[in-house]
Amino acid sequence: MSAFNRIPLTSLENAVLPIENASGLPNVMYNDPELFIEERDRLLGTTWAGAGFAGDLPTPGYVKPISFMGLPLVIMRDRDDVIRVFHNVCSHRGMVLINEEGPVQGSIRCPYHSWTYDLAGQLKGTPHLGGVGVHKVDSFLCEKHGMKEVSSAVWFDIVFINLDGKAKPFETFIAPVVERWQPFLGDTGYTHMRREASGEGSFTLNVACNWKLAVENYCESYHLPWVHPNLNVYSRIQDHYHIMFANEFSGQGTMVYNLADTAGTRLPVFPQWQQNRMKEAEYITVFPNVLLGIQADHTFAIVLEPVANDHTVEHLRLMYVGDEAIGPAYKGCRDATLAAWKEVFGEDVAVVEGMQRGRASPGFSGGKFSPVQDNPTHYFHQWAAQRLIASAQAMGA
Ligand code: FES
Ligand SMILES: [Fe+2]
């Protein structure tokens, strides 16, 4: 029996109901290791999921192996600076090809029998394939046995992948966000985003919770006064509003984000950010696993790496506006910005881990939503439940 059948259909139907009547997703979707893999194939793998950052591959020829919910993949930057993603497995006997990130000199060489591939994944060398000293065999067509590519796209420095190759084109998928953020980023904002070359401006959090709890917590501002007392000074709960759009994005925004005043920092701002909206900031989850934040003078992106049903790694990258902003003159401003976000996301760890532990309890079954505060979280549950119901119908499971 498929693990998928352990999700009661009624619990999915209840999650889709209007918020006043809805229940949250059932505990089993947080506690079951086999359902974690089902989610990879039915939820994350059928749309555009975050897999890493293009900026983590600094030079042409750089490769970075990753594990995506148990799948060995590799992100590669080819000699022409194009980012691609492949299954990290040799076409011969299935050896994992690349074990360490770094620049590749020449070709990618399988450690087992030394088959070689170029950075476009093409199989180039098959030593002794036809016997010692015979490297080519007429009936063996190298062009048919390259590395298997995964659909990918880069936006906001994030490497997105679509595992099943059937999602809508990435540009169509992300267009509603680009449109929403026109008043802030305009057309040029993306080209101004800069990461610190030193590798500062990033951090990683290991969290003992299901990836969905990290999303759910990110979607709401309800917890601000109690979990983030400092943030609630420069970005108060009452200045926040909900964001929900295009069925694939939700989160929250604030009319007044005042870190610059609080920390005394004055970083360069996006050139097209509307003058009368300088203090506004928005925090959006790109379902399933990418969390974005934009302020006039910096942005961040978090890729949630789901490792197991109860283990998620949060990878955060901060970006500033233009080359000057990452120079020495602004080091103090950047340090203050990084410290502020480290504090905020560090404060969230205890609550998402507490919710994960709570899902072991028979005294909880999805929970109830505040009809006023929890709308973006419910929107995410609706997204997940609707997709799983459709998947069950399509697969007859
Ligand atoms: S498994 Fe890669 S060359 Fe044999
Ligand atoms: Fe939080």
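This is a predicted model: local features need pLDDT of at least 70, side-chain atom pairs count only at pLDDT 80 or more; totals for chains, interfaces and linings use all residues.
Guide: Local features here need pLDDT of at least 70, side-chain atom pairs count only at pLDDT 80 or more, and totals for chains, interfaces and linings use all residues. Residues are numbered from 1 along each chain as its sequence is written, while chains are lettered from A and ligands numbered from 1 in the order in which they are written.

Visitor: Why are α7 and α11 called oblique to each other?

Guide: The axes of α7 (residues 211–219) and α11 (residues 331–358) come within 10 Å and cross at roughly 130°. Angles under 35 degrees count as roughly parallel, over 145 as roughly antiparallel, 65 to 115 as roughly perpendicular and the rest as oblique. The two helices are therefore oblique.

Visitor: Which residues of α7 and α11 meet?

Guide: L213, A214 and N217 in α7 meet D348, V351, V352, M355 and Q356 in α11; contact requires C-beta atoms, placed from the backbone, within 7 Å. By class, five of these residues are nonpolar, two polar and one charged. Ala, Val, Leu, Ile, Met, Phe, Trp, Tyr, Cys and Pro count as nonpolar, Asp, Glu, Lys and Arg as charged, and the others, Gly among them, as polar.

Visitor: What makes β9 and β10 a pair?

Guide: Pairing requires at least two bridges found by DSSP, and β9 (residues 149–155) and β10 (residues 158–162) share five, in the antiparallel sense. They are therefore paired. S152 has I161 in β10 as its bridge partner.

Visitor: How many bridges join β4 to β9?

Guide: Two bridges join β4 (residues 83–87) to β9, and these strands run antiparallel. V85 stands opposite V150 in β9.

How values were computed:
Axes are lines fitted to C-alpha atoms, for helices over the stretch in contact, and angles run from 0 to 180 degrees between N-to-C directions. Helices (H or I, at least four residues) and strands (E, at least two) are DSSP runs, numbered from the N terminus. Two residues are in contact if their C-beta atoms, placed from the backbone, lie within 7 Å.
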